[in-house]
Amino acid sequence: MERLDKFLCDSGLGTRSQVKQILKSGRVTVDGVPEKDNSRKVDPDTQRICVDGETLGGMRRVVLMLNKPAGYVTATADKKEKTVMELLPREMLVLDVRPVGRLDKATEGLLLFTNDGNLLHRLISPRKGVKKIYYARHEGEAQEEDIAAFAQGLTLRDGTVCLPAELTPLGPGESLVTVCEGKYHQVRRMMASRNMTVTYLERRQEGMLTLENLPRGEVRELTETEIEKLEQEG
């Protein structure tokens, strides 16, 4: 059972506010009876839910969070490598989820999946400024001039221009790196451009989401409240 307004949103009818107006207008029926209560519990598997007489399929929107271990590539399929899709529960694969951005094979930590294409594109768009925080172990020690260079926006050795980022030294050979974009191997390349070769990398946070209480290799589904907060950030 789920709320009627959530089912309608997941069916692509619109945002929560748009769905509320549609319900108020009397355009929604449940088993042939007009329904205006957005909080009503429905079972899409056993009840016929229609808008303007048309039955809705209601594929459930889902957002998953994986604590990715090393050794898996971020891809939906690969002929040679193990992929992150192999770590997802079988029942989630049928919902057509896709990775949100990517972590390279050696990088561990927070990786999101969703079947909501609009949310996926908002989260990976640099224009939305969703922050991603990485913990890095690396050669050397970050200096004040490195912090300033990150804050200004680095130009990498191949000419790639990066948006301003935050470098926070934690001690010799350890730093946090905060970025709001996801270029190819970006954090590793940024650190290398300042002569700090990364030896270990873990994404610890994306937006307000963290890895708290999620063991390495485990997956959990985000709550509707968490998804709504993500939508606000993205």
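Leaving aside neighbours within four places in sequence, which residues is Met 190 in contact with? In this predicted model, Met 190 is in contact with Phe 150, Leu 154, Leu 156, Cys 162, Ala 165 and Val 179, once those sequence neighbours are set aside. Met 190 is also, together with Phe 113, Phe 150 and Met 191, among the residues with the most contacts inside the largest nonpolar core, which has 32 residues. Two or more residues are given to this core by each of β7, β9, β10, α5, β12, α6 and β13, and the largest share, three residues, comes from α6. A second, separate core consists of 15 residues, including Met 65, Leu 120, Val 130 and Leu 214. In soluble globular proteins, nonpolar side chains tend to be buried together.

An open sheet of four strands is found in the order β3-β2-β5-β6, and its pairing is antiparallel. Because β3 (33-34) and β6 (54-55) each have a single partner strand, they stand at the edges, and one side of each is left without a neighbour in the sheet. Strand β2 (residues 28-30) runs antiparallel to β3 and is joined to it by two bridges, and Val 30 has Val 33 in β3 as its bridge partner.

Two loop residues other than glycine have positive phi values. Asp 31, in the loop between β2 and β3, has a phi near 55°, and with a relative accessible area of 44% Asp 31 is partly exposed. Asn 195, in the loop between α6 and β13, has a phi of about 60°, and at 62% relative accessibility Asn 195 counts as exposed, since the cut-off for that class is over 50%.

Terms used:
Residues are numbered from 1 along each chain as its sequence is written. This is a predicted model: local features need pLDDT of at least 70, side-chain atom pairs count only at pLDDT 80 or more; totals for chains, interfaces and linings use all residues. Side-chain values use heavy atoms; hydrogens and water are left out. Two strands pair if DSSP finds at least two bridges between them. A nonpolar core is a set of buried Ala, Val, Leu, Ile, Met, Phe, Trp, Tyr and Cys residues joined through side-chain atoms within 4.5 Å. Buried means under 20% relative accessible area, exposed over 50%, partly exposed in between (1.4 Å probe, protein chains only). Contact means heavy atoms within 4.5 Å.
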